[in-house]
Amino acid sequence: MAFPPDTSKSTKLERYNTYIRKVNTTKVIAASSKLLFRLTLLFALILIFFFTFHYPPTTTTSTTTTSNHRVLTSSNFFSSAFYGSGPSWEKEVRRSSTPRRPNGFSVLVTGAGGFVGTHCSLALKKRGDGVLGLDNFNSYYDPSLKRARQNMLKQHEIFVVEGDINDSELLIKLFDIVPFSHVLHLAAQAGVRYAMQNPQSYISSNIAGFVNLLETAKKADPQPSIVWASSSSVYGLNTDNPFSESDRTDKPASLYAATKKAGEEIAHTYNHIYGLSITGLRFFTVYGPWGRPDMAYFFFTKDILQGKTINVYQTHDEKEVARDFTYIDDIVKGCLGALDTAEKSTGKGGKKRGPAQLRVYNLGNTSPVSVGKLVSILEGLLNVKAKKHVIKMPRNGDVPFTHANVSLAYKDFGYKPTTDLSTGLRKFVKWYVSYYGITPKVKKVLTDAN
């Protein structure tokens, strides 16, 4: 009887070879994992080393949140690190800043994503000046509106750098790339009432940010001429009418006003010590298309259309609150007039070489209109009756009356407002209807009015 062959040895050998293969595979995988880990760690260290030595350290981000607003009060790391890197970025900065007309300006516009900043940037670019924008796109009001303005600027070949005026490294980088002839400084924390909720944001932007900009400008070669936005709020509790530049401004009624007044004194200091040519413009209640949603005419329009009740203030002695409403096109003309007549700064390397120009002007409409009249005009344009709640003016920093004397601006650069409130509001409502897609009933009223 034949017996089957003995395969125990070959089976054992096969098992042993399988075991050896598993051991070797495990060793290879382990070695590969170690190598991959070491390569990843090395790459991470290289990145850390690169950003540490090529870009400034980040500042601590302080975020203040309220029921209505969320405001970032520090610089963004990516403003100087991501946006400020690479030859293509620098090429875009230079291209946008280069004038296209003979003897044209090269203007840095801070707050370019804002209401006045957008309109001024477009006007400068249209006439052939070079324009570079700077904005941090904070969320004091709806950032999507600021982004829409940015897109409009982009369509007109205006580049807006996303960054903060408190970011010293970014400002120095921009001034190294471009020899700006002028700075139109419009970046600021706006709003009178919000200062009671978040005072630090006003100190950070309106004072520290302004000083940071002046510090950079004083060291630049050449030093730029600076035109910046002060405010009619500096007149505070002044009772002389109309408000003139020679009136006292030492009794501010709000923290916002106090920071703007502080800015005027700071401007005097940098002019006196470093020879910077500086012009301050006191804006009076600017309104118009692409405006700020925190302004009364804007949120009145929104609330009237939505059937909500609006608060109409009156003074404690039952007088109507009135404002010198100034249409955006008139403000733009004033800003460009100030830029055109700004003399060159006299300093170099942070040292003054001679006396430098220092000016301040009112930019208003010279025709105060009551808030009640404003509401009445909006009712006609919107074809809706407003639900009004007349209340006493709260003690929140608002003043009951503003009225600009603009004779000095007229004398020095021909400033003359031409748009009355009814005409300006019609243009605003037409934009509002288009931008937010409001009902045909409102569009028909506007069509008939035109």
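1. The model under discussion is predicted.

2. Rolling a probe the size of a water molecule over the atoms shows where empty space is left. In this model the count comes to one cavity of 30 Å³ or more. The largest cavity holds about 30 Å³ of space.

3. Which elements each supply at least two residues of the lining of the largest cavity? They are helix H7, residues 199-219, and strand E7, residues 225-229. The lining of this cavity is made up of His-185, Ala-187, Ala-188, Asn-206, Phe-210, Trp-228, Ala-229 and Lys-260. By class, five of these lining residues are nonpolar, two are polar and one is charged.

4. Helix H7 also takes part in a helix pair. The axes of helix H6, residues 168-177, and H7 cross at roughly 35 degrees and come within 10 Å. In this crossing, which is right-handed, H6 passes H7. On the H6 side the contact is made by Ser-168, Leu-171, Ile-172 and Phe-175, and on the H7 side by Asn-212, Leu-213, Thr-216 and Ala-217. The contact of H6 with H7 has five nonpolar residues and three polar ones, with no charged residues.

5. A further helix pair is formed by H11, residues 371-382, and H13, residues 421-436, whose axes come within 10 Å and cross at roughly 45 degrees. H11 is therefore oblique to H13, as angles under 35 degrees count as roughly parallel and those from 65 to 115 as roughly perpendicular. The crossing in which H11 passes H13 is right-handed.

6. The residues that join this second pair can be named. From H11, Leu-374, Ile-377, Leu-378, Leu-381 and Leu-382 meet Leu-421, Ser-422, Leu-425, Arg-426 and Val-429 of H13. By class, the contact of H11 with H13 comprises eight nonpolar residues, one polar residue and one charged residue.

7. The last topic is open space. The second largest pocket has a volume of about 460 Å³. How many residues line the second largest pocket, and which lie nearest its centre? The lining comprises 21 residues, and those nearest the centre are Thr-315, Met-393, Asp-398, Val-399 and Pro-400. Sorted by class, the lining of the second largest pocket has eight nonpolar, eight polar and five charged residues.

Methods:
Residues numbered from 1 in each chain as written. Predicted model: local features only at pLDDT ≥ 70, side-chain atom pairs only at ≥ 80, totals over all residues. Heavy atoms only, no water. Axes fitted to C-alpha atoms, helices over the stretch in contact; angles between N-to-C directions. Helix = DSSP H or I, 4+ residues; strand = E, 2+ residues; numbered from the N terminus. Parallel < 35°, antiparallel > 145°, perpendicular 65-115°, else oblique. Left-handed = near helix turned anticlockwise from the far one by under 90°. Contact = heavy atoms within 4.5 Å. Nonpolar A, V, L, I, M, F, W, Y, C, P; charged D, E, K, R; others polar. 1 Å grid on protein atoms, 1.4 Å probe; cavity = no way out; pocket = protein on both sides within 12 Å on 5 of 7 lines; lining within 4 Å. Points joined across faces, edges and corners; volume = space filled by probe spheres on them.
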